[in-house]
Every structure is written in structure tokens, then in C-alpha cells.
Amino acid sequence: MRQIPAPLALLLCAWLATPAVQARQHADHAHAHTHASGHAHGAGDAFPDPASATAPEGLLIRDCWIRAMPAGLPSAAYFRMENTGDKPLTLHAARSPVFGHAMLHTSQGGGMKTLPSLPIPAGGALDFSPRGNHVMLEQPSRPPQPGETLPLSFWFGGSLVATADCAVKPAGTLQ
């Protein structure tokens, strides 16, 4: 039996541990996180009904996916938003019918920080990716299953809401 060189073995262990570390960070975050913490959980009552809202002009949402996590653990959504319009947009919140809470987050210095909003300049783009900006999804009503598609709605203020269909991918997925 051949042995794997030590540097390669360390790299492989670190790569395999990444989803577990991220799951633990998200789990720790959920335990320390309550409504009393003072920040918004998807903008509450201000978020209009996606069925009766208007999508922002020039907004494209690409490659939306949600990481499937074991029952009860928080998850995250990743995607790319492009503003092809001539007016800036500001993303205020996200919401999913499968999760009780959705928050805009960014990963920073080994932890996570809640973001109140994110601007998307006219002609600009905003990336949400592992270890960067993401939509934190907490309190799943059921565990998302790899291979299914879930809706995720994004609120841009007023009655501007866009909804994307997001593929659910296995917990170890990084892109």
C-alpha cells in the first residue's frame, strides 16, 4: 500500500474538514443568535409578498445554490447578482419559505458578520460565495435535499422583490 506524502495528506485533511468547520461555525452562530440580538431576520413585515411584488429592472440572479446541511443546522445560499440597469440597487433582505430566518452575512476573520444591506451599483455585480458574502438560512422547516430546487426571494426596498430558484447541493460543495 502506497502512502500519501505528508503535505498532500495535510492538504486533503484541510479540504475535507472545511464543510465540517463551516457547519460548526453556522451551528455556533445559531445557538448564540436570537431575536433579542437586535438585527433583522429578513426584514420582518416590510418584506412584501413575492407573488405581488415587482422585480427590479435590469437585475439578473445567476447560479443560485443552497448548501444542504443535516437536520436542524443552519445553511447558506450563494449566487451572483448583476445589475444591468442604469440605477443602483440595494439588497435589504432575503427570505425562503423553507427557512424561518434568512440574513445577509459575510465571513470575516474566521467569524461571521450580519450585513444590514448591500449596494449593487448600476452596471455592477455582487458575488455571494463560500467564505464570503452569503445568505444565512436558519431554522429549516425540513432538511433541504441535494438535487431539489428551492425558491429564495430578495427584497430591494418598497415593492421590489426578485425570486431565484436555487439548486440544493451536498454539504461539502464549495462552488
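These legends walk through several close-up views of the predicted model shown above.

The model is predicted, so local features need pLDDT of at least 70 and side-chain atom pairs count only at pLDDT 80 or more, while totals for chains, interfaces and linings use all residues. Residues are numbered from 1 along each chain as its sequence is written, and side-chain values use heavy atoms, with hydrogens and water left out.

View 1. Helices (H or I, at least four residues) and strands (E, at least two) are DSSP runs, numbered from the N terminus. Going along the sequence, the pattern reads α-β-β-β-β-β-β-β-β-β-β-β. There are 175 residues in the chain, and 42% of them count as buried; buried means under 20% relative accessible area, exposed over 50%, and partly exposed in between (1.4 Å probe, protein chains only). The chain exposes about 9,400 Å², with carbon and sulfur atoms supplying 57% of that. Those areas come from the Shrake-Rupley method with a 1.4 Å probe, and for residues only the protein chains shown count as cover. As for contacts (heavy atoms within 4.5 Å), take those between residues at least 6 apart in sequence: 72% of them join residues at least 24 apart.

**View 2. A disulfide joins cysteine 64 to cysteine 166.** A search of the whole structure turns up 1 disulfide, meaning a pair of cysteine sulfur atoms within 2.5 Å. Here the S to S distance is 2.0 Å. The pair links distant parts of the chain, with cysteine 64 in strand E1 (residues 59–67) and cysteine 166 in strand E11 (residues 161–169), 102 residues apart. The torsion about the S-S bond is about 70 degrees, so the disulfide is right-handed. Cysteine 64 counts as buried at 9% relative accessibility, and cysteine 166 is buried at 0%. Leaving out residues up to four places away in sequence, cysteine 64 touches several others, including Tyr78, Phe79, Leu152 and Ala164. Arginine 80 sits 16 residues from cysteine 64 in sequence, with 7.2 Å between their C-alpha atoms.

**View 3. Arg62, Arg80, Glu82 and Asp127 are linked in a network of salt bridges.** A salt bridge here is a side-chain nitrogen of Lys or Arg within 4 Å of a carboxyl oxygen of Asp or Glu, and the count comes to 4. Arginine 80 pairs with glutamate 82, the closest N and O atoms being 2.9 Å apart. Arginine 80 also meets aspartate 127, at 2.8 Å from N to O. Aspartate 127 lies in strand E8 (residues 125–128) and arginine 80 in strand E2 (residues 75–83), so this pair ties together parts that are 47 residues apart in sequence. Glutamate 82 is buried, at 16% relative accessibility, whereas arginine 80 is partly exposed at 30% and aspartate 127 is partly exposed at 42%.

**View 4. Arginine 142 forms a salt bridge with glutamate 148.** The closest N and O atoms of this pair are 2.9 Å apart. Arginine 142 is partly exposed, with a relative accessible area of 34%.

**View 5. The largest nonpolar core has 29 residues.** A nonpolar core is a set of buried Ala, Val, Leu, Ile, Met, Phe, Trp, Tyr and Cys residues joined through side-chain atoms within 4.5 Å. The residues with the most contacts inside this one are Phe79, Met81, Val135, Leu152, Phe154 and Phe156. Its largest share, 4 residues, comes from E11.

**View 6. The structure holds 4 aromatic pairs.** Rings of Phe, Tyr and Trp (its six-membered ring) pair if their centres lie within 6.5 Å; planes under 30 degrees apart count as stacked, over 60 as edge-to-face and the rest as tilted. Phenylalanine 47 and tryptophan 155 make a tilted pair, 6.2 Å centre to centre with 35 degrees between the planes. Phenylalanine 47 is in the loop between helix H1 (6–31) and E1, and tryptophan 155 is in strand E10 (residues 149–155), 108 residues apart. Both phenylalanine 47 and tryptophan 155 are buried. Tryptophan 65 and tyrosine 78 have ring centres 4.6 Å apart and planes at 40 degrees, so this pair is tilted. Phe79, Phe128 and Phe154 form one aromatic cluster.
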